[in-house]
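Reader: I've got this one open on my screen and I'd like to talk it through. Can we go over it together?

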Amino acid sequence: MKSSYFVSVGVYNSKMLPFRVLVAAPKLSVLRRSAFERIYSPLLSVVNMSKSLKKIVEECREKSQTEVDMSERGISNMLEVPGLFTLSNITQLVLSHNKITTVPPNIADMKNLEVLNFFNNQIEELPTQISSLQKLKHLNLGMNRLSTLPRGFGSLPALEVLDLTYNNLNENALPGNFFYLTTLRALYLSDNDFETLPPDIGKLTKLQIISLRDNDLVSLPKETGDLTQLKELHIQGNRLTVLPPELGNLDLTGQKQVFKAENNPWVTPIADQFQLGVSHVFEYIRSETYK
């Protein structure tokens, strides 16, 4: 009778009810069963998630798979994924749309990674060990909470695509060797807090795409004109009033090129040229009058 009494007069605080009591109660009401489920269901979900992730890892190992997709799995801690860092042979790891807050130093154990996708997590910092991924070509860190990048981040000799969109980065967040990433073909820095772009951007001479949309840029460095392989430049939604004349060195007016610059407070002469079209803008900034 004692266990039945506990359940029948309980004050709906299921944290007070021992598991054995709840199970033993002969006539547990729907209301109290619901309270029980609120407490224990999340625990069961965690257990099931862990089993599911363990199965993915085991299948990957057994079948010698090189690509692993763990997107949308509710992962908050990579160390809780059983055996993840033993998969040293995988070349692609997708962990997008999770709840990861930090990347552990163990990431360096995955030395064959070529593609690493952390899009839409809650990552606030990266370990310096991430620069040990010498084969990494694509790194997606978009839509996280990064306000700085680790020392030595620029020591990724194969990196071609870097997505840092939707973070809290500015020009002071970039480590000293960031512009050593001379293999970069695409750099996405949109929706951050950049007010200026360091002149060293001109060292990234293989860049074909650079996106700086929706920052707080007040100017572009003249060295942007050194990026002669550029095919896409996105600078819309900033605080730009003028363009450096050196930008005229670039060919961004063809059918296969993209130059987006709307929603900036351009000075009147430039604004007038934008009304006529992008080609007129480039003709104007190349003119002796503008220089």
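This is a predicted model: local features need pLDDT of at least 70, side-chain atom pairs count only at pLDDT 80 or more; totals for chains, interfaces and linings use all residues.

Reader: Is F259 buried or exposed?

Author: The cut-off for buried is under 20% relative accessible area. F259 comes in at 8%, so it counts as buried.

Reader: Which residues join F259 and F274 in a ring cluster?

Author: The count of aromatic pairs comes to 6 by this rule. Ring pairs link F259 and F274 into a cluster with two further residues, W266 and F282.

Reader: What about Y284 and Y290: how is that aromatic pair arranged?

Author: Y290 itself is buried, because its relative accessibility is 18% and the limit is under 20%. Its ring and that of Y284 are 5.1 Å apart, centre to centre, with 55 degrees between the planes. Stacked needs under 30 degrees and edge-to-face over 60, so this pair is tilted.

Reader: Back to the helices. At what angle do α4 and α5 cross?

Author: Helix α4 spans residues 268–276 and helix α5 spans residues 278–286. Their axes come within 6 Å of each other and cross at roughly 145 degrees.

Reader: Which residues of α5 make that contact, and how many of the contact residues are charged?

Author: On the α4 side you'll find P269, I270, Q273, F274 and L276. On the α5 side they are H280, V281 and Y284. By class the contact has 6 nonpolar and 2 polar residues, and the charged ones number none: no charged residues.

Reader: Now N121. Where does its side chain reach?

Author: N121 lies in the loop between β3 (115–117) and β4 (138–140), yet it is buried, with a relative accessible area of 6%. Leaving out residues up to four places away in sequence, N121 touches several others, including S96, H97, M143 and N144. Its side chain reaches, at 3.0 Å, the backbone oxygen of L95.

Reader: H97 is on that list. What is its phi?

Author: H97 sits in the loop between β2 (92–94) and β3, and it is partly exposed at 35% relative accessible area. Although H97 is not a glycine, its phi is positive, at about 55 degrees.

Reader: D191 has a positive phi too. Which residues does D191 contact?

Author: D191 is in the loop between β6 (186–188) and β7 (209–211). It is buried, with a relative accessible area of 17%, and its phi is about 55 degrees although it is not a glycine. Setting aside neighbours within four places in sequence, D191 contacts T165, Y166, N167, R213, D214 and N215.

Reader: Last one: what share of the whole chain is buried?

Author: The chain has 5 helices and 9 strands. Its accessible surface comes to about 15200 Å², and 50% of that belongs to carbon and sulfur atoms. Of its 291 residues, the share that counts as buried is 44%.

Key:
Residues are numbered from 1 along each chain as its sequence is written. Side-chain values use heavy atoms; hydrogens and water are left out. Helices (H or I, at least four residues) and strands (E, at least two) are DSSP runs, numbered from the N terminus. Buried means under 20% relative accessible area, exposed over 50%, partly exposed in between (1.4 Å probe, protein chains only). A polar contact is a pair of N or O atoms within 3.5 Å; within protein, one must be able to donate a hydrogen and the other to accept it, and residues adjacent in sequence count only if both atoms are side-chain atoms. Contact means heavy atoms within 4.5 Å. Accessible areas come from the Shrake-Rupley method with a 1.4 Å probe; for residues, only the protein chains shown count as cover. Axes are lines fitted to C-alpha atoms, for helices over the stretch in contact, and angles run from 0 to 180 degrees between N-to-C directions. Ala, Val, Leu, Ile, Met, Phe, Trp, Tyr, Cys and Pro count as nonpolar, Asp, Glu, Lys and Arg as charged, and the others, Gly among them, as polar. Rings of Phe, Tyr and Trp (its six-membered ring) pair if their centres lie within 6.5 Å; planes under 30 degrees apart count as stacked, over 60 as edge-to-face and the rest as tilted.
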